[in-house]
Amino acid sequence: MKIMVINGPNLNFLGIREKDIYGIMTYEDLCNYIKDYCDKNSVNVEIVQSNIEGEIINFIQRAYLEKYDGIVINPGAYTHTSVAILDAIKSINLPVVEVHLSNIYSREEFRHKSVTAPACVGQITGFGTFGYILGILGLKNR
Ligand code: DQA
């Protein structure tokens with residue numbers, strides 16, 4: 001099974017940004033944590049990150065063209081605004097799981113709305129970095 005994990009804006013600043021919300025694990029730690037899980041569970045994973053909306057769309061399209069089996073995506077703040085990412089998810093015939101480190105529903109009201117989740121098979125929010133593993137498990141289980 002081949003999965004792409006896509007991280008959006010500011011996730012490369014994990015361990016630096018708002019540690020009280022996102023924790024002390026760095027982005028590199030997160031990547032190693034996901035890779036380690038995937039190595040042990042026979043999942044072929046590629047992990048990518050961009051702060052740029054169009055690049056995230058390019059990743060989504062590449063996952064489709066290169067025949068990945070699914071995507072785990074944390075679109076960061078684009079979750080709440082990006083019709084372009086919504087359309088990109090809608091245009092591919094791949095299961096996509098949306099993941100958030102924090103519980104977006106317990107935070108500011110503007111985070112309560114996910115523009116992108118309706119195109120996803122499900123959403124995992126509030127379980128920290130373990131949410132990525134849950135997302136991969138969700139894809140494996142389908
Ligand atoms: C986030 C939640 C978003 O609201 C925020 O803009 C992020 C991170 C999360 O993982 O909890 O950048 O997606």
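The largest pocket has a volume of about 180 Å³. Arg17, Tyr22, Gly76, Ala77 and Arg111 sit closest to its centre, out of 15 residues in the lining. For the record, a pocket here is an open set of points on a 1 Å grid over the protein atoms alone, where a 1.4 Å probe fits and protein lies on both sides within 12 Å along at least five of seven lines; lining residues have an atom within 4 Å of a point. The volume is the space filled by probe spheres set on the points, which are joined across faces, edges and corners.

A word on provenance: this is a predicted model, local features need pLDDT of at least 70, side-chain atom pairs count only at pLDDT 80 or more, and totals for chains, interfaces and linings use all residues. Residues are numbered from 1 along each chain as its sequence is written, and side-chain values use heavy atoms, with hydrogens and water left out.

Now for the inside. A nonpolar core is a set of buried Ala, Val, Leu, Ile, Met, Phe, Trp, Tyr and Cys residues joined through side-chain atoms within 4.5 Å, where buried means under 20% relative accessible area, exposed over 50% and partly exposed in between (1.4 Å probe, protein chains only).

| Core | Size | Residues include |
|---|---|---|
| Largest | 23 residues | Val5, Ile34, Val72, Tyr132, Ile136 |
| Second, separate | 19 residues | Ile56, Ile73, Leu94, Val96 |

Is Ile24 buried or exposed? Ile24 is exposed, at 69% relative accessible area, and its place is in the loop between helix 1 (19-22) and helix 2. Beyond four places in sequence, Ile24 touches Gly15, Lys19 and Asp29.

Zooming out, the chain has five helices and five strands, which are DSSP runs (H or I, at least four residues; E, at least two) numbered from the N terminus. The order is β-α-α-β-α-β-α-β-β-α. Of the 142 residues, 50% count as buried.

How values were computed: Contact means heavy atoms within 4.5 Å.
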